[in-house]
Amino acid sequence: MSETILDVNDLSVTFDVMPSGAWPWTKPLKLHAVTDVSFALKAGETLGIVGESGSGKSTLARALIRMVPASGKVVWLGQDLLVLPKEAMRDQRREVQMVFQDPLASLNPRMTVGEIIAEPLKTHFPETPKAEVRERVQEMMTKVGLLPNLLNRYPHEFSGGQCQRIGIARALVLRPKLIICDEPVSALDVSIQAQVVNLLRDLQKELGLSLIFIAHDLSVVKHISTRILVMYLGNLMEIAPAKALIEHPRHPYTQALISAVPIPDPKVAKAQRPIGVEGDLPSPINPPSGCVFRTRCPKAQQVCADAKPLLEEPAEGHFVACPFHE
């Protein structure tokens with residue numbers, strides 16, 4: 001059995017937000033971006049994280065590497081990252097890298113591709129000889145499907161898919177153990193999405209990587225994930241092995257997400273009755289009491305408003321936060 005390399009317990013992220021037109025001495029409101037999320041990640045595993053916009057997926061990813069302040073525990077290889085001193089955290093960042101959503105915006109337009117990919121090496125290992133840096137850069141470019149002789153070009157000379165490959169090469173150059181992919185394919189065409197997802201799968205097998213893959217599209221997430229975590233308004237709704245969650249979703253929100261995935265066969269699509277979710281996403285400044293999904297849930301009852309549902313395990317490795325999951 002693979003070892004657990006990342007153990008997250010009761011991770012929460014809250015921001016202070018000033019009301020529009022408020023006086024300077026007005027007490028700020030609390031925006032609950034992530035609330036008591038817990039999960040574990042094993043070596044070589046891919047954890048997919050899904051949910052609609054505003055569900056806290058990207059905030060969760062940033063909290064894992066302390067890009068935003070958070071509470072709880074993020075235990076990476078036995079060390080709680082949230083309490084590490086600044087210098088010790090800098091060392092741990094070598095092992096955990098991130099690929100961002102907008103491939104072009106995440107690259108410095110004033111730097112060449114070679115300089116962009118080499119930047120992490122120069123930051124963390126400034127003593128590395130220039131010849132070795134150039135060799136590592138060219139090696140990473142080859143691994144992600146880019147010609148090494150393009151290292152003196154600038155990001156605007158590449159397509160969106162190529163820019164995302166550059167971002168992946170930059171994340172890999174330090175040879176990390178974990179890569180967090182924050183919606184890495186949402187800005188790309190469908191055909192390019194498949195290429196990038198397949199590239200990540202191949203790199204994972206070759207380099208022994210662990211992945212956290214965030215996306216809106218369940219059809220993309222199920223293709224790459226070992227397990228899938230479903231979030232809604234900053235809360236964990238369901239987490240299970242990918243196949244079990246897709247074939248037997250237990251939370252009403254997960255069922256609605258899966259029913260919204262387009263089916264290429266028109267006969268099957270016509271026969272399947274979609275599960276609609278009415279209403280808008282509640283404000284994270286004033287979330288509903290109890291289960292945060294109850295205001296849009298077709299199964300909601302009074303008990304859902306009285307207390308936040310606990311995670312239950314109706315099947316091995318399948319956890320769901322709903323008392324009516326059957």
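The following exercises, with worked solutions, concern a predicted model of one protein chain.

In this predicted model, local features need pLDDT of at least 70, side-chain atom pairs count only at pLDDT 80 or more, and totals for chains, interfaces and linings use all residues. Residues are numbered from 1 along each chain as its sequence is written, and side-chain values use heavy atoms, with hydrogens and water left out.

**Exercise 1.** Determine how many helices and strands the protein chain has, and how its radius of gyration relates to the globule rule.

*Solution.* Begin with the elements, which are DSSP runs numbered from the N terminus (helices: H or I, at least four residues; strands: E, at least two). The protein chain has 11 helices and 12 strands. Next, its radius of gyration is 21 Å, close to the 20 Å from the globule rule for 326 residues, so the chain is as compact as a globular protein of that length. The radius is taken over C-alpha atoms, and the rule is 2.2 Å times the number of residues to the power 0.38.

**Exercise 2.** Identify which strands pair with E4.

*Solution.* Two strands pair if DSSP finds at least two bridges between them. First, strand E1 (residues 4-17) runs antiparallel to E4 (residues 71-76), with 5 bridges; leucine 6 has tryptophan 76 in E4 as its bridge partner. Second, E4 and strand E5 (residues 79-80) are antiparallel and joined by 2 bridges; here valine 75 is partnered by aspartate 80 in E5.

**Exercise 3.** State which residue takes a positive phi in the hairpin of E4 and E5.

*Solution.* The hairpin has 2 residues between the strands. Leucine 77 takes the positive phi, near 50°.
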